[in-house]
Amino acid sequence: MAYVTRSEQHELIQAILDHVENGTEISVPPGFHIPRISKNRLVANDWLKNWHKFETFLKTGVPQFTIYTKGNGKLPFHSFSTLPGEQFCPGAGDCLEFCYSFKAWRYPAAFFRQVQNTILLKSPSGRAYLENAFSKIPDHDFRLYVDGDFDSLETMKFWFDLLKTRPGIRAYGYSKSWQIFLAYNRLYTFPENYTLNSSSGSKFANSKAIHEKLQALPVYRGNYIAIPSDSKMPNVIENKSEWVEWAKELRQRAKLFGIQNAWICPGKCGNCTPRGHACGNKKFKNVDIVIGIH
Ligand code: SF4
């Protein structure tokens with residue numbers, strides 16, 4: 001799938017955003033046009049096909065990529081994503097060095113979905129599509145931002161107003177936009193059906209005062225902390241005993257990082273605990289959940 005380079009993706013994103021804001025013409029980087037060979041025939045690559053689909057979105061305003069995706073065994077809930085990165089995640093700090101969200105850019109549909117959703121949030125007509133699609137999601141757990149983060153107070157207000165209309169949905173997320181949460185708290189009331197995990201890599205990570213204010217918010221569950229691990233996490237379902245040993249080691253390592261009672265993330269949200277998934281569960285209030293990154 002590697003036709004397009006990362007810098008070409010950034011180039012296209014900027015051209016799209018300029019187009020949306022100022023009506024400028026979009027020059028599509030060459031990588032999107034490189035054909036591939038299938039059954040001895042030259043055919044358009046998937047990037048080009050998905051770009052054409054995206055162009056239809058730009059021309060009509062009608063979303064062409066599923067807005068809320070339903071995940072897999074690892075994350076079996078509906079979720080929402082936008083573009084990741086410094087420009088879109090205002091609280092991003094060290095996380096930019098290990099952000100997994102860019103991995104989704106290997107897949108054309110995932111890449112263009114992120115761009116589409118980022119643009120939908122920018123206008124009343126786009127937000128109407130988000131609301132409409134949201135009304136069709138069943139009452140269940142919902143992850144608000146797998147990729148990307150709250151980019152402004154206005155965006156947070158939009159989501160939290162929407163969540164208030166759907167008390168049956170249990171939303172949760174990991175955010176580094178701590179300053180926006182604090183600003184929201186000064187002006188509005190949080191929905192009861194949102195749970196916040198503060199995740200590692202925020203640019204506010206060294207500010208004890210900000211973190212303390214965040215911890216006092218009614219939506220706050222606890223920290224979700226990434227710690228380097230020497231080996232890849234074994235599959236908790238297929239190889240439980242190996243996972244238990246691995247988790248034991250990571251728990252010890254967490255102590256070196258000052259985390260005394262780490263609860264180790266098993267990586268499969270659908271099978272996380274018999275009482276539902278830990279990150280969306282306020283019974284795990286102030287528990288440090290640790291994930292090993294390798
Ligand atoms: S602790 Fe559970 S809910 Fe949180 S990320 Fe890990 S598997 Fe998912």
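User: Is Asn286 buried or exposed?

Analyst: Asn286 is exposed, because 11 other C-beta atoms lie within 10 Å of its own; the cut-offs are 12 or fewer such atoms for exposed, 20 or more for buried and partly exposed in between, with C-beta atoms placed from the backbone. This is a predicted model, in which local features need pLDDT of at least 70 and side-chain atom pairs count only at pLDDT 80 or more, whereas totals for chains, interfaces and linings use all residues. Residues are numbered from 1 along each chain as its sequence is written.

User: Where does Asn286 lie, and what is its phi?

Analyst: Asn286 belongs to the loop between β9 and β10, where strands are DSSP runs of E with at least two residues, helices are runs of H or I with at least four, and both are numbered from the N terminus. Its phi is near 65°, a positive value in a residue other than glycine. Most residues other than glycine have a negative phi.

User: And what about Asn40?

Analyst: Asn40, in the loop between β1 (36-38) and β2 (41-43), has a positive phi of about 60° although it is not a glycine. Asn40 counts as exposed because it has 5 other C-beta atoms within 10 Å.

User: Back to the β9-β10 loop: is Cys265 buried or exposed?

Analyst: Cys265, which lies in the loop between β9 (263-264) and β10, is buried, because it has 22 C-beta neighbours inside 10 Å. Leaving aside neighbours within four places in sequence, Cys265 is in contact with Ile289, Val290 and Ile291, a contact being a pair of C-beta atoms, placed from the backbone, within 7 Å.

User: Which residues surround the ligand?

Analyst: Cys265 is one of them, and the others are Pro266, Gly267, Lys268, Cys269, Cys272, His277, Ala278, Cys279 and Ile289; a residue is taken as near when its C-beta atom, placed from the backbone, lies within 6 Å of the molecule. By class, this shell has 7 nonpolar, 2 polar and 1 charged residues, with Ala, Val, Leu, Ile, Met, Phe, Trp, Tyr, Cys and Pro counted as nonpolar, Asp, Glu, Lys and Arg as charged, and the others, Gly among them, as polar.

User: How many residues are in the largest nonpolar core?

Analyst: It has 35 residues, and those with the most contacts inside it are Ala171, Tyr194 and Val290; such a core is a set of buried Ala, Val, Leu, Ile, Met, Phe, Trp, Tyr and Cys residues joined through C-beta atoms within 7 Å. Elements giving two or more residues to this core include β6 (170-175), β7 (194-199), α8 (240-256) and β10 (289-293). The core draws at least three residues from each of domain 2 (64-105 + 125-218) and domain 3 (221-294), bounds that come from an automatic or database domain assignment.

User: Last one: is Trp178 buried or exposed?

Analyst: Trp178, in helix α6, is buried, because it has 23 C-beta neighbours inside 10 Å. Beyond residues up to four places away in sequence, Trp178 touches Gly91, Ser198, Ser202, Phe204, Ile210 and Leu214. The C-alpha atoms of Trp178 and Ile210 are separated by 7.6 Å, although 32 residues apart along the chain.

Terms used
Contact = placed C-beta atoms within 7 Å.
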